[in-house]
Amino acid sequence: MTQALEIRDLSVRYASKGLALDSVSLSIPKSGVVALLGANGAGKTTLIRAISGLLPLHGGQIVQGSIQMDGQSVLGVPAHTLVRRGLGQVPEGRLVFKQLSVEENLKVGAAVLPRATEKERLDGVYALFPRLLERRRQAAGWLSGGEQQMLALGRALVTQPRLLLVDELSLGLAPLIVSAIYKQLDLVGKTLGASILVVEQNARLALNFAATAYVLERGRITLSGPSEEVALSAVVKESYLGAIKQEREA
Amino acid sequence: MTHNVDSSPRAGLPWARTLRWLVAVAALVYLPTLLTERQIFGYALSNMQLLNIGLSQVNLMLITMLGALSLNYLTGSAGLISIGHAAFYAVGAMSAAITGSQWGWPFPAVLVAAALSGALAGLFAGLPSLRVRGLYFVLSTFALHYIVVFIFMEYQFKFFDVVGVPYKAAELGSWALNTPTRWYFFLLPLVVAVYWLLHNSLRTREGRAMQAMRDHELAATANGIDVRILRLKAFAFSSSIAAVGGALYAYYLTNVTSEFFGIQFAIQFIAMIIIGGMGSLPGAVVGAAVWLLLPSIINGLAAQAGDTTGLVRSMLFDHKPQLVQPIFGSVVILLLIFAPWGITGMVSRLQAKFAARRAKS
């Protein structure tokens with residue numbers, strides 16, 4: 001069976017520096033939810049950029065390997081056309097269009113859709129996040145951090161992507177808001193049947209959310225498997241869940 | 001630029017709105033009569049009561065507004081700044097010289113040709129934007145300016161002479177634009193139409209995409225927007241409007257030389273949008289008005305004050321041109337210090353303040 005996303009032996013280099021990703025392999029089954037864990041600088045965002053075709057914008061270059069979405073290679077495909085092929089993305093740092101209103105932000109997301117479906121899709125997002133409906137005429141820059149994250153997610157969901165990349169969704173947000181957004185994300189995954197790749201620093205959250213997890217360290221996948229197993233591994237416990245450390249301190 | 005704060009119940013009555021529009025239209029229609037007859041309902045006005053402004057200045061202002069509008073559209077929608085807008089004026093003037101003065105095309109066709117050649121030049125000028133950003137892009141438009149002015153000069157000397165390129169009288173069918181009033185009634189609707197066009201284009205899919213691109217290029221790309229094509233489109237659109245401005249400028253002045261399009265001509269557009277408010281269309285209108293009318297107002301004031309006493313008189317009257325520049329410069333600096341967001345930005349901030357105060361009480 002073809003995977004929603006299949007990455008094989010991917011290596012990436014920025015300018016003349018060393019490899020940012022070294023022979024990374026990762027696969028996401030159809031409708032599967034996968035978490036990518038790793039410390040700062042491990043290469044998580046680089047991997048996201050490689051998938052979404054945004055590497056050239058950052059001066060990065062794929063040295064070797066392959067990336068396939070639904071069995072088709074996406075290497076060298078311009079980033080903006082991937083959206084039409086079913087890729088949705090919630091970029092790190094939210095990056096909402098601050099001077100546009102909430103609705104206009106969603107409409108930018110819907111720009112690749114036929115006009116007839118636009119309203120229906122917008123309503124779908126509003127049903128998911130009623131807060132956005134309340135504030136639909138407000139400039140996005142005036143929203144709170146949580147609302148901006150909802151908007152960034154909503155903007156990606158408007159196209160009903162088959163594969164959704166979510167980069168550091170929890171960054172700088174209150175835990176309650178994060179869990180609320182994740183709940184909606186879970187709902188979306190189930191109703192749309194979308195495959196989701198979440199990149200998270202909050203390992204506990206990500207491991208609860210995803211069925212499979214990969215751990216990225218210095219550009220290499222050091223551990224992968226079902227989330228429960230990954231959560232039990234000594235490395236993850238120590239580095240990401242802080243379990244052993246706490247015991248020692250206690 | 002849109003600041004979509006929750007819609008306030010500001011003057012919600014529909015008839016009040018209509019009335020305001022009617023008054024504005026009536027004032028604009030009456031303006032040329034006022035400025036040529038220099039009296040209002042039989043009551044004669046002195047020069048200073050009319051702020052030392054004549055209709056020709058208003059017409060030049062309208063033509064310049066096209067440049068300011070197109071530049072502010074570029075900054076406001078696409079986030080690009082160009083020093084090349086004088087070059088597009090020159091492109092328009094040159095295209096008008098070829099099609100109008102040499103080939104004898106009618107005036108409306110000349111304007112269309114200017115728009116097309118402006119778009120083409122803009123496409124070329126926008127190409128560096130695919131590779132370079134920010135200051136580097138500004139520099140590339142700077143280079144473009146010198147290239148175009150050089151070509152204009154060569155063209156002028158090859159086919160005309162040092163006196164400049166002569167333009168025919170502008171005619172719309174049998175209606176000759178031979179008085180300032182007629183020019184006014186041709187230019188005003190044109191500027192309004194361009195304003196309306198630009199304003200509405202920001203509300204289309206592409207317009208929103210452009211604003212998205214301005215805010216976050218990366219997020220825009222991730223939403224399926226091809227920023228390269230969009231940037232070129234914005235540039236071509238903006239420069240075609242500027243080129244029409246250039247053709248109008250040439251026809252209005254009836255004779256133009258390459259020296260008209262110096263670097264100061266280029267900088268003035270940037271100054272206008274900074275004064276009026278970066279990235280906002282009303283800002284372009286206000287900025288162009290201030291830039292073109294304020295010097296003449298200061299000039300008038302200096303002349304009037306010059307009628308008074310000995311020393312002040314000699315100071316003001318004999319050194320009038322030297323005085324106008326520093327006063328104007330100081331006003332601009334004060335504006336930049338106290339209203340860096342431009343005049344329109346200042347006004348909307350004050351409005352918001354008053355609204356908040358009213359809401360409190």
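Residues 24 or more positions apart account for 67% of the contacts in chain A with a separation of 6 or more. Two residues are in contact if their C-beta atoms, placed from the backbone, lie within 7 Å. The model is predicted: local features need pLDDT of at least 70, side-chain atom pairs count only at pLDDT 80 or more, and totals for chains, interfaces and linings use all residues. Residues are numbered from 1 along each chain as its sequence is written, while chains are lettered from A and ligands numbered from 1 in the order in which they are written.

Chain A holds eleven helices and ten strands. Its radius of gyration is 18 Å, close to the 18 Å that the globule rule gives for 250 residues, so chain A is as compact as a globular protein of that length. The radius is taken over C-alpha atoms, and the rule is 2.2 Å times the number of residues to the power 0.38. Helices (H or I, at least four residues) and strands (E, at least two) are DSSP runs, numbered from the N terminus. The C-alpha trace of chain A spans about 50 × 45 × 35 Å along its principal axes. Of its 250 residues, 48% count as buried. A residue is buried if 20 or more other C-beta atoms lie within 10 Å of its own, exposed if 12 or fewer, and partly exposed in between, with C-beta atoms placed from the backbone.

An open sheet in chain A has four strands in the order E2-E1-E4-E5, with antiparallel pairing. Strands E2 (19-28) and E5 (72-73) of chain A stand at the edges, each with a single partner strand, so one side of each is left without a neighbour in the sheet. Two strands pair if DSSP finds at least two bridges between them. E1(A), residues 5-14, pairs with E2(A) in the antiparallel sense over six bridges. Here A:Leu5 stands opposite A:Ile28. E1(A) also pairs with E4(A), residues 60-69, in the antiparallel sense over eight bridges. A:Val12 has A:Ile62 in E4(A) as its bridge partner. E4(A) and E5(A) are antiparallel too, over two bridges. A:Gln68 is bridged to A:Ser73 in E5(A). These two strands, E4(A) and E5(A), form a hairpin with two residues between them, and A:Asp70 in the turn has a positive phi of about 50 degrees.

A parallel pair is formed by E6(A) and E7(A), residues 163-167, over four bridges. A:Gly88 has A:Leu164 in E7(A) as its bridge partner. In a regular strand the side chains alternate between the two faces of the sheet. Both faces of E6(A), residues 87-90, are covered: A:Leu87 and A:Gln89 on one side and A:Gly88 and A:Val90 on the other are all buried.

A:Ile48 lies in helix H1 of chain A, residues 44-52. A:Ile48 is buried, with 23 other C-beta atoms within 10 Å. Not counting residues up to four places away in sequence, A:Ile48 touches A:Leu165, A:Asp167 and A:Val199. The C-alpha atoms of A:Ile48 and A:Gln89 are separated by 9.0 Å, although the two residues are 41 apart along the chain.

Helix H3(A) is largely enclosed by the rest of the structure, because eight of its eight residues are buried. Among them are A:Val102, A:Leu106 and A:Val108, together with the charged A:Glu103, A:Glu104 and A:Lys107. Their cover includes helices H4 (115-128), H5 (130-134) and H6 (145-157) of chain A, together with H7 of chain B.

At the interface, 25 residues of chain A are in contact with 22 residues of chain B. Helices H2 (79-82) and H3 (102-109) of chain A each supply at least two residues of the side that touches chain B. H3(A) gives the most to that side, with four residues. The residues of this side of chain A divide into twelve nonpolar, seven polar and six charged. Ala, Val, Leu, Ile, Met, Phe, Trp, Tyr, Cys and Pro count as nonpolar, Asp, Glu, Lys and Arg as charged, and the others, Gly among them, as polar.

In chain B, the axes of H7 (residues 205-215) and H9 (residues 227-253) come within 10 Å and cross at roughly 110 degrees. That makes H7(B) roughly perpendicular to H9(B), a term that covers 65 to 115 degrees. Axes are lines fitted to C-alpha atoms, for helices over the stretch in contact, and angles run from 0 to 180 degrees between N-to-C directions. B:Glu206, B:Ala209, B:Met210 and B:Met213 in H7(B) meet B:Val227, B:Leu230 and B:Ala234 in H9(B). The residues of this contact divide into six nonpolar, no polar and one charged.

Definitions and conventions:
Parallel < 35°, antiparallel > 145°, perpendicular 65-115°, else oblique.
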